[in-house]
Amino acid sequence: MLMTAANAMGGSATPPVIDIAGVQKRYGHVVALADVSFSVARSEVVAIVGPSGCGKSTLLNIIAGFDEPTDGTVLVHGAPIVAPGPERSVVFQQPALFPWLNVRRNIVFGFSRARAARQSARVDEFIDIMGLRGFEASYPYQLSGGMMQRVSIARALIRDPEVLLMDEPFGALDAQTRLTMQELLHDVWARYAPTIVFITHDVDEAVFVSDRILVMSARPGLIRDVVEVPLKRPRSYELIMSEAFVDIKRRVLAELHA
Amino acid sequence: MAAERTRSAQMLRWLRRGSGLGGCLALWCILSYGGIVSPGFLPSPSGIVERFIELAENGYANSSLWQHIFDSVYRTLAGFVLGVAAGTPTGLLLGYCRRFDESVGPIFSFLRPIPPIAYTPLFVLYLGIGDASKIVLIFIGAFLYMLLSAQAGVRNVPEVLVRAGRNAGLGGAGLFVRVIVPGSLPGIMTGARTALSVSWALVVAAELIAAQAGLGYMVSSAGVFFDIRTLFVGIILIGIVGLILDRTILMIERKLLHWQGR
Ligand SMILES: Nc1ncnc2c1ncn2[C@@H]1O[C@H](COP(=O)(O)OP(=O)(O)OP(=O)(O)O)[C@@H](O)[C@H]1O
Ligand SMILES: [Mg+2]
């Protein structure tokens, strides 16, 4: 029994971190997800691309534990999801900062006082990486949309979550910052290899960050195709000009337009 | 250059602000000093100032003028503070805890449409015409108002912030204290500001009905004795005190909600 499950995973011996089978989600008459099944192995980076409204956020919210599927099962480490938690850290599609806390306090939100004090050097490090130096004491209303999004990203990353669920995390950023963030994601992954589900509209980004791309279609929300990304890590930005990269990109685009 | 421009812009703004009030005052002067309206109907500005000085020196009906003002303000603030202190947590819990809302909510749905002023004779019967009946009345008014505002405040906390809180591992009491309460603060403060002006209106109304001191009492008794100048002094003082109360709570609101960036 165990062997067949492992075989279905492509022969890998470790059980999947996220296992989704036959998931359906209806909102009244709207079928947001029709029949979605996939699994994500430990330390795998899975990107999800698809047209607006195809159910990407819905899927992520279900994995995060905010929503329940109408039908089907979602297992994390083999057990059903009970509640959201910091081990499955979410970067929301819209910046979700607490307006009454300054940047620094938003980043360490949920930490005990002791943990926040212990991590203070790391918070500083994140503030530098995120280009937020000088704004530690600013409140969200004093930040631009992109800055808010960077604070949200810092908050998700500083928890060293086992699973990172990112919903178009770099959508609000300029091209330059976006690149920095994509490289940061690689750094984070190289440091402790979290499992990542990454939603994006940008096909280049999907290919650059992921090991596998799920291409979704809308109405009803389905996984139309899965494209493997067998590009070696560490990856640098020159990669996007390479033959292999462009090849993968072409296949994803073809699926999106089909 | 820029500083000069802003200074002149500021002066213009003050001029505009003053022009409305100044116009009213000028019209009043013309009506009363021009003899168009009799002083028994509309006293002149100087007549009112004279009467004010008399009242400040000699008091009214066995109490000094300050005592009348103090009584009204004391009753308002005592009832208001108690009402906020009890109504805010109750409303927050009603908004946060569905089971609490289901069991206790209907009581307040029944009480809500009753204008608190309708209780006045009842409380006068129970508690007499002194401070206690007014304080309880205002307490009830402020309590019900704060309950509503806090409950609405909870509903207005953005869902994504609740999710961010739960994602940080918070739930139950932790989520309540660290996300729901601060997130409801804007609604609570707007409610408190309205509740205070409602309380001030309530105290005056209650004193009009039955009291032996207070600005409302002064106005009502001056009316009975056709003392039109005292009536005007009383009304103007009620307006000024109300304005000061409102400005004070507005200042507190700005301090507490500085993070809204308004
Ligand atoms: N709470 C809800 N109530 C009703 N319908 C909903 C709700 N949430 C999502 N939907 C519907 O489900 C579908 C999928 O929404 P979802 O937010 O998952 O799309 P998405 O793929 O994330 O789109 P985008 O790329 O624009 O963010 C949409 O048709 C949307 O109208
Ligand atoms: Mg979405």
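## Polar contacts and the model

A polar contact is a pair of N or O atoms within 3.5 Å, where within protein one atom must be able to donate a hydrogen and the other to accept it, and residues adjacent in sequence count only if both atoms are side-chain atoms. Between chain B and chain A, 4 residue pairs, both at pLDDT 80 or more, are in polar contact.

The model is a predicted one, in which local features need pLDDT of at least 70 and side-chain atom pairs count only at pLDDT 80 or more, while totals for chains, interfaces and linings use all residues. Residues are numbered from 1 along each chain as its sequence is written, chains are lettered from A and ligands numbered from 1 in the order in which they are written, and side-chain values use heavy atoms, with hydrogens and water left out.

## The interface of chains A and B

Chain A gives 24 residues to the contact and chain B gives 18, contact meaning heavy atoms within 4.5 Å. The area buried between the two chains, that is, the accessible area (1.4 Å probe) that two parts lose on being put together, summed over both, is about 1900 Å², and carbon and sulfur atoms give 65% of it. In chain B, the residues that lose the most area to chain A are B:Arg163, B:Asn167 and B:Trp259, which together make up 36% of what that side buries.

The rule for a salt bridge (a side-chain nitrogen of Lys or Arg within 4 Å of a carboxyl oxygen of Asp or Glu) finds 1 across this interface. B:Arg163 forms a salt bridge with A:Asp67, and their closest N and O atoms are 3.8 Å apart. On the side of chain B that touches chain A, α7 (159-167) and α8 (172-209) are the elements that give two or more residues, and α7(B) supplies the largest share, 7 residues. Helices (H or I, at least four residues) and strands (E, at least two) are DSSP runs, numbered from the N terminus.

A:Ser57 belongs to helix α2 (residues 56-64) of chain A, whereas A:Gln93 lies in the loop between β6 (88-91) and α3 (103-107), so that the pair, 36 residues apart, links distant parts of the chain.
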